[in-house]
Amino acid sequence: LPPDYLPHEVKDRLRKMGVLQPLNILLRQELDRMQKVISIVRSTLSDLKLAIEGTIIMNENLRDALDKMFDAKVPDLWKKISWQSSTLGFWFTELLERNDQFSKWIFEGRPVVFWMTGFFNPQGFLTAMRQEVTRAHKGWSLDSVILYNDVTKVNKEEITAPPAEGVFIHGLYLDGASWDRRNCRLAEAQPKVLFTAMPVVHMYAVQQQARDPRLYQCPVYKKPQRTDLTYITFIVMRTVQSPDHWTLRGVAALCDIK
């Protein structure tokens, strides 16, 4: 398991980065939730060792954790405070990857490209970005600013500097269509290919304006189960066909395909 975050170290780093910056406020909330997950997993595992040795009594939560781990499932206690995952292996890998993004952000500085899947609250992340852009422009108000995006042609490895405004995000997958990289637009899905990895998307904010009706408004979901609970936002994509064509295909972008 990753080490615990020490409160004084986190406070110190946030003070240097600017405590009242919208994205740093979000980072503090995310770190608190991450720390809670790490602490509970650590205490469950150490108690489980003691219970197996017979030093302490095995209670309901420990018995559930033992049974679930044996079946490679996520114990209920952990699932309650974290995220959905089909197996314990995927869940633990995600814990390490999420933690990696947060620890690099707090100790090494703001990432150039963000992995949106790794946030407990992706909507809060996008709202914080909107606040940041609004503050940078005199006379703009948060109510009149909307999210906008451009799909780039590059992968995250090729990006070396952050955008002038907004954020770069990676890790999205298209479901129901494929992506024509050369022309930066939607294309028909390839046979037998369920999901297509998207290039980096540049998310930013603009003053409210009429959207181009020829663009497809592609919904973004956290998980393959598409419900109102996993819905984050929508991103606009260029298309040759009418946007209704892709709506009937049920095309969406997913943060996680496991």
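The model is predicted, so local features need pLDDT of at least 70 and side-chain atom pairs count only at pLDDT 80 or more, whereas totals for chains, interfaces and linings use all residues. Residues are numbered from 1 along each chain as its sequence is written, and side-chain values use heavy atoms, with hydrogens and water left out.

An open sheet of mixed pairing is formed by 5 strands in the order 7-4-11-9-10, where strands are DSSP runs (E, at least two residues) and helices are runs of H or I with at least four, numbered from the N terminus, and two strands pair if DSSP finds at least two bridges between them. At its edges lie strand 7 (195-197) and strand 10 (231-237), each of which pairs on one side only. Strand 9 (residues 216-221) runs parallel to strand 11 (residues 252-254) and is joined to it by 2 bridges; valine 220 has alanine 253 as its bridge partner in strand 11.

Serine 178, in strand 5 (residues 178-180), is buried, with a relative accessible area of 5%, where buried means under 20% (1.4 Å probe, protein chains only). The side chain of serine 178 reaches the backbone oxygen of glutamate 188 at 2.7 Å.

Definitions and conventions
Buried means under 20% relative accessible area, exposed over 50%, partly exposed in between (1.4 Å probe, protein chains only). A polar contact is a pair of N or O atoms within 3.5 Å; within protein, one must be able to donate a hydrogen and the other to accept it, and residues adjacent in sequence count only if both atoms are side-chain atoms.
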